[in-house]
Amino acid sequence: MCSDKALHAEGQIMTAINLRGVHDDIGTVDTAALRATFGRFPSGVTALCATDVTGEPIGMAVSAFVNVSLEPPLVGVFVQTSSTTWPKLRERPRIGLSVLGAGQQTPCRQLAARQVDRFANVSWESGPDGSVFLHGAAAWFDCEIESETTTGDHQFVLLRIIGHDFEAEQDPLVFYASKFHELPNGVPDN
């Protein structure tokens, strides 16, 4: 933690951090408060998609995505254990992961919705072995499942990257504080 000296930054007095407990007064996890705290970390939004055995697209939106390793090339996603889409995707030989681009809020909402045609008016193409990639995304990964681990109410899915590409002129869609955001114009690439 910070020292008292660290509480003073550039001539301003910082307030002390008063952490709240994870549990409410009756011992239940305060999921609303914890979700609000999680929401202070901005993340990109990805789409995990593939074609089913009939060639129809299946997919879902996932905001918990992490790059894991360059050697071997791995990324990871967290999928709710209650998902009804993940068991269908898990059976596919390849899964396309599209990092959604700025302006793709509608496809994101569709891919997160239940009981709708998730691919209505969504432009996509099929890659090797049935992976599906959304047009307009900022980046794409063609993946195979490396492993799955149950972690609380989610599955951590480690994916091996078989192929990848990105669109240099397309900024990513950002999810922050339970809302979609776009990067301001002129954010330099490093």
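Modeller: Start with Asn-121, which counts as exposed at 85% relative accessibility. Exposed means over 50% relative accessible area, buried under 20%, and partly exposed in between, with a 1.4 Å probe and protein chains only. The model is predicted, so local features need pLDDT of at least 70 and side-chain atom pairs pLDDT 80 or more, while totals for chains, interfaces and linings use all residues. Numbering runs from 1 along each chain as its sequence is written, and side-chain values use heavy atoms, without hydrogens and water.

Biologist: What is the phi of Asn-121?

Modeller: Most residues other than glycine have a negative phi. Asn-121 has a positive phi of about 60 degrees. Asn-121 sits in the loop between α3 and β9 (124-126). Helices (DSSP H or I, at least four residues) and strands (E, at least two) are numbered from the N terminus. Ala-177 also has a positive phi, of about 55 degrees. Its loop lies between β13 and β14 (179-182). Ala-177 is partly exposed, at 30% relative accessible area.

Biologist: Which peptide bond is cis?

Modeller: Most peptide bonds are trans. The bond from Glu-71 to Pro-72 is cis, with omega near 0 degrees. Look for Pro-72 in the loop between β6 (65-69) and β7.

Biologist: Now the pockets. What volume does the largest pocket have?

Modeller: A pocket is an open set of points on a 1 Å grid over the protein atoms alone, where a 1.4 Å probe fits, with protein on both sides within 12 Å along at least five of seven lines; lining residues have an atom within 4 Å of a point. Volume is the space filled by probe spheres set on points joined across faces, edges and corners. Here, the largest pocket comes to about 1,400 Å³. Its lining has 35 residues, with Arg-35, Ser-63, Ala-64, Gln-80 and His-154 nearest the centre. At least two lining residues each come from α1 (31-38), β5 (57-62), β7 (74-80), α3 (105-112) and β13 (173-176). The lining holds 18 nonpolar, 12 polar and 5 charged residues.

Biologist: And what is the volume of the second largest pocket?

Modeller: About 440 Å³. Of its 20 lining residues, Val-99, Ala-138, Ala-139, Asp-171 and Pro-172 are closest to the centre. Two or more lining residues come from each of β3 (43-44) and β11 (139-151).

Biologist: Which residues touch the most other members of the largest nonpolar core?

Modeller: A nonpolar core is a set of buried Ala, Val, Leu, Ile, Met, Phe, Trp, Tyr and Cys residues joined through side-chain atoms within 4.5 Å. In this core of 20 residues, they are Leu-48, Val-77, Trp-86, Leu-89, Leu-97 and Leu-159. Elements giving two or more residues to the core are β4 (46-51), β5, β7, α2 (86-90), β8 (95-99), β11 and β12 (154-166). A second, separate core has 12 residues, including Ala-47, Cys-49, Leu-173 and Phe-180.

Biologist: How many disulfides are there?

Modeller: A disulfide is a pair of cysteine sulfur atoms within 2.5 Å. The count here is 0. The sulfur of Cys-49 is too far for a bond, because the closest cysteine sulfur, in Cys-108, is 11 Å away. The sulfur of Cys-143 is also too far, because its closest cysteine sulfur, in Cys-49, lies at 12 Å.

Biologist: Is Cys-49 buried or exposed?

Modeller: Cys-49 is buried, at 0% relative accessible area. Cys-143 counts as buried too, at 1%.

Methods: Nonpolar A, V, L, I, M, F, W, Y, C, P; charged D, E, K, R; others polar.
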